[in-house]
Amino acid sequence: MQLGILFEQVPDGDGPWWQSLASGLEWTLIVAAFAWILAFVVGSVIGVARTTERAWMMRVASAYVNLFRNIPLIVQFFLWFFVVPGVIPPVKRWVVSVDPLTYQLITSVVCLGLFTAARIAEQVRAGIQSLSRGQRNAGYALGLSQVQTYRYVLLPMAYRIIIPPLTSELMNLIKNTAVAYSIGLTELFFRTREMGEMTFRYFEAFGAATVIYAVIAFASNRVMAILERRVSVPGYIGSHK
Amino acid sequence: MITDLDFGEISRTLPYVAMGLQYTVQITVVAAIGGTIFGTLLAMARLSSMKPLALAASGYVNLMRSIPLLLVIFWFYFLVPVIIQSITGSDRPPQIGAERSAYITFIMFEAAYFCEIMRAGIQSIPKGQSGAAFALGLGYWPAMQLVILPQAFRNMLPVLLTQTIILFQDVSLVSLLNVTDFVGAATKVAQRDGRVVEMYLFVAVVYLVLCSLLSYGVKRLQAKIAIIR
């Protein structure tokens, strides 16, 4: 391994290789952040829908989860990138009119967001179902509507309980951004591969990427652990209060 | 709506794409079996009282689980020939090809995930079981083989199978190394004939149907083998 390669100039770029990797990392984190917001919102809605008493809502929500969990992520990327514009003409017109990078970014965020939402939905559902029936009934007994019961009683408890599995979903999401390489988004893995291909220093390039991904995984794990301690529910195993 | 879709493309290219699907299934089966064996050994190492062994195993598992699968696939693609060269001592790295290195990649990668499942399985067995085995005079390996592991496997079988369904989907990533797996085969004919929409829709539907059926099967199995305690 000769790490000096990281400080050599990119042939057709304007900076050393480490800067190229850093810009890739930037896109990885941007995509992951927006996808996480989308996944959290959609996942919460779907997860809640699976715990309501309305049959049609449960059916729609579980169809969503099945659909997004039973198709490989890379195929989902291809569906959003090639198939959706191919069958919906207005999308096609929009795609042709925007910058390719914008289209890659939006596709990645939507694809990863909706994919991760299915997983978050399962966690939210499990979190709500782990609460005792008395919590929901207590909400109703206080005169809260169903929406209010979810908003003020069930969800605040459920989110706090499911932080550990959400941590692994966040880490999965960050790892999954590498698949955006398949549609040409210049994220970290794309830059790594490019560096390997142009310099033939595959070991240095992949080694650097491995270290970066491992550090991100470790850091997000720590952040979530702190959050977990902050918001732990007193009286539960694992709470420190 | 667009009217120039040609779904006849699917039936025309079916034999080629089916070969890709066969490769995907082969990798899945080999990696599931190899990964379970290697993963179980890793789990035993992680739970071992020999500190260096436990540390090495957990280091391996944590590293594998913290980097993207895509990166692992490319790592092994470049590493496997070099490792084989250093073992056999030949002058040049052998030409393995992405098709064959993928088998090793997925065994090694899945082992990390199966290890965590088996570790949970072993830890879910009450202490009395290993105590009883040792009291009967069994050593570590016979106790593991005859008492602990069969129960751990049974408890964890649904989880192991669910992980295998995920593996079945994850194999699709090798298509980015130009391997002709299911997705790779579809990509090749789709690009040759300009039938991207039809081929990817077909691939998505096949995966959706197969994985839904498999998940349903696992659910049924889970209900069937659940031990009533």
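Chain A has 10 helices and zero strands, where helices (H or I, at least four residues) and strands (E, at least two) are DSSP runs, numbered from the N terminus. This is a predicted model, in which local features need pLDDT of at least 70, side-chain atom pairs count only at pLDDT 80 or more, and totals for chains, interfaces and linings use all residues. Residues are numbered from 1 along each chain as its sequence is written, while chains are lettered from A and ligands numbered from 1 in the order in which they are written.

**Chain A**
- Along the sequence, the pattern of chain A reads α-α-α-α-α-α-α-α-α-α.
- Its C-alpha atoms fill a box of roughly 70 × 50 × 25 Å along the principal axes.
- Chain A has 241 residues, of which 39% count as buried (20 or more other C-beta atoms within 10 Å of the residue's own, with C-beta atoms placed from the backbone).
- Of the contacts in chain A between residues at least 6 apart in sequence, 71% join residues at least 24 apart; two residues are in contact if their C-beta atoms, placed from the backbone, lie within 7 Å.

**Nonpolar core**
- A nonpolar core is a set of buried Ala, Val, Leu, Ile, Met, Phe, Trp, Tyr and Cys residues joined through C-beta atoms within 7 Å.
- The largest one holds 122 residues, and A:Val75, B:Leu70, B:Leu71, B:Ala186, B:Tyr200 and B:Val203 touch the most other members.
- Helix H4 (residues 98–123) of chain B gives the most to this core, with 14 residues.
- Beyond its neighbours within four places in sequence, B:Leu71 is in contact with A:Ala178, A:Phe189, A:Phe206, A:Ala209, A:Thr210 and A:Tyr213.

**Contact between the chains**
- On chain B, 27 residues are in contact with 27 residues of chain A.
- Helices H2 (51–66), H3 (69–88) and H8 (196–225) of chain B each give two or more residues to the side that touches chain A.
- H8(B) supplies the largest share of that side, 11 residues.
- By type, this side of chain B divides into 21 nonpolar, six polar and no charged residues (Ala, Val, Leu, Ile, Met, Phe, Trp, Tyr, Cys and Pro count as nonpolar, Asp, Glu, Lys and Arg as charged, and the others, Gly among them, as polar).

**Helices H5 and H6 of chain B**
- H5 (residues 127–135) and H6 (residues 140–170) of chain B pack at an angle of about 160°, with their axes 10 Å apart.
- H5(B) and H6(B) are therefore roughly antiparallel (an angle over 145 degrees).
- Their contact involves B:Gln129, B:Ser130, B:Ala133 and B:Phe134 of H5(B), and B:Ala143, B:Val147, B:Ile148 and B:Gln151 of H6(B).
- The residues of this contact divide into five nonpolar, three polar and no charged.

How values were computed:
Axes fitted to C-alpha atoms, helices over the stretch in contact; angles between N-to-C directions. Parallel < 35°, antiparallel > 145°, perpendicular 65-115°, else oblique. Buried ≥ 20, exposed ≤ 12 C-beta atoms within 10 Å, placed from the backbone.
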